[in-house]
Each structure stands twice: as structure tokens, then as C-alpha cells.
2 protein chains.
Amino acid sequence: MTETNLRILLARRPNGAPVPEDFAIEEAPRPEPKDGYVLVRHRFLSLDPYMRGRMSEAKSYAKPVAIGGVMEGACVGHVVESRDPGFSPGDAVLGGFGWQRFSAVPAARLIRLDEAEAPLSANLGVLGMPGLTAWTGLEDIGQPKPGETVVVSAASGAVGQVAGQIAKRRGARVVGIAGGAEKCAFVTGTLGFDACIDHRGDLEAQLDAACPEGIDVYWENVGGAVQAAVFPRLRDFGRMVMCGMISQYNEAPGADASGAPPGPNLGPVVRKRLRIQGFIVSDTGWPRYGKFRAEMLGWMRDGLVWREDVVQGLAQAPAAFIGLLSGRNFGKLVVKID
Amino acid sequence: MTETNLRILLARRPNGAPVPEDFAIEEAPRPEPKDGYVLVRHRFLSLDPYMRGRMSEAKSYAKPVAIGGVMEGACVGHVVESRDPGFSPGDAVLGGFGWQRFSAVPAARLIRLDEAEAPLSANLGVLGMPGLTAWTGLEDIGQPKPGETVVVSAASGAVGQVAGQIAKRRGARVVGIAGGAEKCAFVTGTLGFDACIDHRGDLEAQLDAACPEGIDVYWENVGGAVQAAVFPRLRDFGRMVMCGMISQYNEAPGADASGAPPGPNLGPVVRKRLRIQGFIVSDTGWPRYGKFRAEMLGWMRDGLVWREDVVQGLAQAPAAFIGLLSGRNFGKLVVKID
């Protein structure tokens, strides 16, 4: 029996935090590849915070998913049928295939993977968009120098775990911020950060204890109370790598509309010569993917670790994504497509 | 009869906006130069917003002026007596001589000026620290490209008037913000900006009219309501050149302590890939002074204009400085030392 194409659609735009009813699940026929197309059976789907933005109509750097459209996302999988001479059945590939079991896509949109080099799912995390995000933000904005203090929020997450380990390899002292004792123990014990702060405790006191000389680089994944506690502790010439502010992604009517809470007074930006800079990996990261991948594969051979949070079954993707937005995942969140 | 050394001292630390009683004026004997020193008779004193920071004890990038000490400031003047072979009476020089009529300083601390190249006082403005500030901030942070929209606050002031004219020469469309119709007419009519907004009117409506496509570069001199109106209008990849936030320099207990008003929510920094960066000209500007001066002298020959607000008599410096902090000056504020 031929597998159907299980697909998850955007049923309606969320009002605040997404709920299961914002998604619809359906079984469709397996698509047929046209000439020049390849049929891919997806093995893993990546779930990432940026997807929350795609669910809203608010103006952003990418177009929203249409109501009734398949949710966007990167997948790794195997070629099942190829109508392009460049690919054969069994080839491992990466692409923006969406929250579904199969896709028929133009061959030009596939990235070929080498399964001998790394497990398939690593291409969605440490070797994929999140890892490249960490590398690019540190290359272009954070630029940690030996002896500097780098603070990484969401430190056990997909981007944070890589950012901190890269900063360590650049010679910095790295302090993570994570939610709960278990994540903090992982951040110091397994990832090798120098310290980790539990954001459920007294942030200011813990930051003062972990960063007595202040903070040179802050990797921003979360915003909110963590940002408010870190900002006044930035040292002269400090850099804020503005990667995300997940704490407000569910705020209506959008991440940064008039209802958003205020931010820090910018007076210290002048006095301390701070640099606060945002970036999106698709602008500046992908053109340097080859350089990143070579460096990252070397670090992986030398002990850089990564943790995945693997959810079983595509039907669980909506619940897993909802949990991601409140920090319930532990490591890079991927869905194993049954 | 030999002139005395009229000097203006910091009598006490201001509580909020400085008042005349925060300063003391005294006549002291003319100092005597030691071996290797030069006696300089000052002709013009520069008054600049950064001096407010030097009057407070709050931690900043430079040490405060001591109570009873001579107020700090740059002056241009002429050598009266030299005990160094490198200088002769009559030489025109620039240095951080302070709010006084004479100083005896080590020859190494003097910068020699060529009066044939530009009027003496221009070395305190368009060719001096304010001009170099404008040039450095645009070189390193603003980086205006042809066709981009640049908004300059305090547009008729010492830094703003130069920043806008440089941005025009880099091919940008330049919109000034100034206080009152007279300054706005000067900004467009004399400085040649494309438009000017009166910050006493409806900022948001005027910005929408003058910058219908949004803002690529914002030169921040003022903070407060102007910053709040500009920030949401920044375009993707917009830059904020954080030069100063004069609207809060008088706020107790310091420019950026806990009492400061909140700033913008930083969500758009990620989404729009903004860069918000502070700088101090002494860090990065002076090493490139020669390059700046050559370029600026060329622009001055080609029609770059500058406006000075000249106050007569050193005794008027405190009142003029108090006025500077509330925007009462019109152009680069200098004191002619009688």
C-alpha cells in the first residue's frame, strides 16, 4: 500500500499563543513529480520559533503562510522517485518541504546530504539553519574575543547551545541562561559553558554572581525580563546579537506593534558605545554555508555536542510547536515523521 | 598691564539642569610656562553637550571635572610665550585648554593650525571635534548610500549640520529635525537638506510626509520624543547612529540611571535587521583626523557651509552652555574670549 501524504495546514491565524485548533491535519494523495522534479519522503521536520511569524499576517521579512496552506518548514528526507538526472532514489536531501510526509519539488531546490558525515537530523540543527545562525551572528556581530564574557539566552535551545560552544572555542568565558535546574546542569555539564543561570530565579543576583565584571556579548533569543536584566550589565563596547525575542512572539497583534512592552532607555548605547544589531540568517548566512559547515564538522569531530528533542510522529507537530514557544522543548526540536 | 587669567570653575555638581550658581568665575595670575611648555592666549572656547557629563559624578567614559576645577573644553588660540623649540609666539594652536583665558601646557599637547586654511574658530566646529564626529559616525555606522533617506536630529547644531551635508555628498536624501521655523528655513535654504521637520509640531505626521518610504539612517542627537517617532519608521537594515541623547542629559541622577524613561521595544531590531550603535569620537575618530580634514577642506571649498553661534566674552560661557542644553543656540556654539 502506498503511503498517503499526511499534511498539516494552517487552519486560521492564532490569536496570541497558538492552540491546536489553529492547525488542521489531512491526508492527501502522494504528489506526482513532473519532469525535472523529485519526490521526497521526509524523515525529520524542523520546528523553529520563526514559524510563529509565518502564522501571522503582520508585516515581516517573509510572507505569511496562507490560510489552508501547508505550514512551512525545513525537512530532511530521501528521494523516492526522481525525474531529474541529478538525483536517484535513496539520495539524502534537505529542503524547505513543509509540515508534510512527501513533497514533489524542483531538483534545483534540493540540497544533497552525506549521511556518512553526520546523522540526517543534524542537518536541521547543529549543521543546519540554527547552527548557521549561531555561527553567522557571532562572526558578524558578537565577535567574541578571548577572555570576554558572553551571555547566551535560551542556552540549551537549538541556536543557544551552538552559539555558546562556538564562543567557547573563540576563547570567551560563556554564561548560559536557561529554564530550570535540569537544563542548567546540561548547559554546564554537557555543553561545557562556564556557568548557567536559571531564569526562573533572581536574574539580577545570578548575573552579578556569574558576570562580576559585566557582559561583553549578549546573545538575545528571548527578550523580556532577561533582556532587561542583561542590558544594564553590558560593558563598554558591548554587543547585543539580536537573534530573536521569543517571549513576545505570541503577543497580539504582532511581535512589535504598539502593544509591545517598552525596551531599555538607549542612553547607555552612546556612553558605553554599544552595538545592538539584528540579523536573519537567510540574508548573510547561507552564502557562507560551506565555510560554516567545514568549521562545524571539525568542531563536531573535536567534541562539540548537540542535543535534539525528538518528537515522534508528524501529528504531534502542532503540540510540540506550541510547547516550543513556551520553552517546553529541551534541545533542538525535530519531528520524526512516521 | 598684563591680562589676568579669567577662569570658570565648577562650583558644585548640578542638580538637573545647570544653573549659573553651579559655576564660579575668578581672576588668577597668568600662568608661567616651564621648560618644554608653551603659554597660550585663547581666542575661542568651544561649548559642547558632552560637557554636561563632565559636571556629574555618574560613571561615564571620561572622568568628571573636580569641584573647584577649571571646566574642561577645547580652545583655539595663539602662542604668547614658548619654552619649547617647536613653537613660537604668534603660532595658532588648538588644545583642550579649558574655560579660561590662558594656559601653560606641554608642547606635545598642542595641535598646530594654519590660519590661511580656515578661520581659527572653524577648528572647533566643522573642522574640529563636531565635524570629525559627524564624519566618523557616518563612515563607521551610518554609511549612507545613494538614494537612501537620512534623518538628522538637531540638524542646525554643530554636529547635525555637518552630518547632513556629508550625507548629501554621499548621495542620500537628507531630512533634518530642528526647533522652530527659523532653524528649519536655515536647514533647507542654507544647508541644502531636502526637508526639515519642526520638532515642536506633530512629529509623526511630518515624518510620514517627509519620509514616505521610511528612514534608512537616523542620526541620533536628542533621544526622547524624536527617537520614539523615528524608530518605528526605520526601514529594513536601518542604522541608528547613536551620537547623543541631549534631551536627557539633565535628568537626575544621570543620563541613563534607573529614572530614565523607557526606550523602544527591540523586537523590530531583529525583524528589520537594524543596527543601533553608539560611538565616541575620541575612540575611533582622531586616529583618522588627517583623512577627515583633507576631505572636509575639499568640501568647504566646494560650498559646504557652517554656522557658528558666537557668544562674546568668557563670562557669558555658563549662560550660553545652559542655553545649549535646551537648544537655544543656533549653530555651533563658541565663546569669543575677550
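Visitor: What makes strands β8 and β9 of chain A a pair?

Guide: In this predicted model, strand β8 (residues 149-152) of chain A and strand β9 (residues 173-178) of chain A are joined by four bridges in the parallel sense. Two strands pair if at least two bridges are found between them, and four bridges therefore qualify β8(A) and β9(A) as a pair. Within β9(A), Gly176(A) stands opposite Val152(A).

Visitor: Which helix of chain A packs on the sheet, touching β9 and β10 of chain A?

Guide: That helix is α4 (residues 181-189) of chain A, whose direction makes about 165° with that of β10(A).

Visitor: How many strands has the open sheet, and in what order?

Guide: The open sheet has twelve strands with mixed pairing, in the order β10(A)-β9(A)-β8(A)-β11(A)-β12(A)-β13(A)-β13(B)-β12(B)-β11(B)-β8(B)-β9(B)-β10(B). Neighbouring strands are turned by 15° against each other on average, direction ignored.

Visitor: Why do β10 of chain A and β10 of chain B count as edges?

Guide: Each has a single partner strand, so one side of each is left without a neighbour in the sheet.

Visitor: How do you know that β13(A) pairs with β13 of chain B?

Guide: β13(A) and strand β13 (residues 275-278) of chain B share three bridges in the antiparallel sense. Since a pair needs at least two bridges, the two strands pair, and therefore the pairing runs from chain A to chain B. Ile276(A) stands opposite Ile276(B). β13(A) is also joined by four bridges to strand β12 (residues 234-242) of chain A, the two running parallel; there Gln277(A) is the bridge partner of Val241(A).

Visitor: Which way do the residues of β13(A) point, and are they buried or exposed?

Guide: Arg275(A) and Gln277(A) point one way, Ile276(A) and Gly278(A) the other way, and all are buried. In a regular strand the side chains alternate between the two faces of the sheet.

Visitor: What makes up the contact between the chains?

Guide: Chain A gives 32 residues and chain B gives 32 residues. On the side of chain A, α7 (267-271) and β13 (275-278) are the elements that give two or more residues, and α7(A) provides the largest share, five residues. This side divides into 17 nonpolar, nine polar and six charged residues.

Visitor: Why is Asp309(B) called buried?

Guide: Asp309(B) has 20 other C-beta atoms within 10 Å. The term requires 20 or more, so Asp309(B) is buried. Asp309(B) lies in strand β14 (residues 308-312) of chain B and touches residues including Asn329(B) and Phe330(B).

Visitor: What makes helix α10 of chain B mostly covered?

Guide: Six of the eight residues of α10(B) (residues 317-324) are buried, among them Phe321(B) and Leu324(B). The cover of these buried residues includes β14 and β15 (332-336) of chain B.

Note on methods
Residues are numbered from 1 along each chain as its sequence is written. Chains are lettered from A and ligands numbered from 1 in the order in which they are written. This is a predicted model: local features need pLDDT of at least 70, side-chain atom pairs count only at pLDDT 80 or more; totals for chains, interfaces and linings use all residues. A residue is buried if 20 or more other C-beta atoms lie within 10 Å of its own, exposed if 12 or fewer, and partly exposed in between; C-beta atoms are placed from the backbone. Two residues are in contact if their C-beta atoms, placed from the backbone, lie within 7 Å. Ala, Val, Leu, Ile, Met, Phe, Trp, Tyr, Cys and Pro count as nonpolar, Asp, Glu, Lys and Arg as charged, and the others, Gly among them, as polar. Axes are lines fitted to C-alpha atoms, for helices over the stretch in contact, and angles run from 0 to 180 degrees between N-to-C directions. Lists of a residue's contacts leave out its neighbours within four places in sequence.
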